[in-house]
Amino acid sequence: MIKLEHANLSVTDVEATTRFITAAFPQFVIRGEGLDSAGRLWRHVGTADTYVALQAVDANPRRQPYGDEVGLNHLGWEVDDVAAVERRLREAGFEPNLHADGHPARNRVYFYDPDGNDWEFVQYLTDDPARRNDYDHV
């Protein structure tokens with residue numbers, strides 16, 4: 001078995017990013033938090049099985065995902081109801097930056113978090129791996 005246990009993000013505002021994550025995933029809670037050896041806040045937000053680790057930093061160079069710099073472009077999360085995720089994030093004050101609904105086997109929506117990190121939420125409309133992983137449709 002292989003599964004992503006957690007992702008670790010450096011963020012300028014742990015509270016704002018926690019609000020973003022818990023709006024997207026209401027089942028996520030603060031698992032733990034504290035100060036690192038430099039006195040910076042860290043927080044783990046998730047479930048017993050998976051979480052996002054947040055590390056507070058002072059500077060934010062605002063790297064642009066998909067630009068010419070090395071770094072993470074987006075986190076992709078499979079969800080049961082992409083419309084519900086979108087609704088919760090909109091209600092929390094976030095706006096989608098991309099809809100990708102044209103595929104017959106999946107719907108996707110993307111949101112930037114408060115630091116400009118891109119998050120993809122995908123809902124698969126079939127259990128058939130061949131249809132889920134079909135890259136010929138727009």
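**Strand pairing in the predicted model**

Leu 75 has Trp 119 of β8 as its bridge partner. Strands here are DSSP runs of E of at least two residues, and helices are runs of H or I of at least four residues, both numbered from the N terminus. Two strands are taken to pair if DSSP finds at least two bridges between them. The model is predicted, with local features requiring pLDDT of at least 70 and side-chain atom pairs counted only at pLDDT 80 or more, while totals for chains, interfaces and linings use all residues. Residues are numbered from 1 along each chain as its sequence is written, and side-chain values use heavy atoms, with hydrogens and water left out.

Strand β5 (residues 74–78) runs parallel to β8 and is joined to β8 by five bridges. Five residues lie between the strands of the β7 and β8 hairpin, where Gly 116 takes a positive phi near 90°. Of the seven residues of β8 (residues 118–124), six are buried (under 20% relative accessible area, with exposed over 50% and partly exposed in between; 1.4 Å probe, protein chains only).

Four strands form an open sheet of mixed pairing in the order β1-β4-β3-β2. Because β1 (6–11) and β2 (29–35) stand at the edges with a single partner strand each, one side of each is left without a neighbour in the sheet. Six bridges link β1 and β4 (residues 51–56) in the parallel sense, and His 6 has Tyr 51 of β4 as its bridge partner. Helix α1 (residues 14–24) lies across β1, β2, β3 (41–46) and β4, running at about 5° to β3. Contact means heavy atoms within 4.5 Å; axes are lines fitted to C-alpha atoms, for helices over the stretch in contact, and angles run from 0 to 180 degrees between N-to-C directions.
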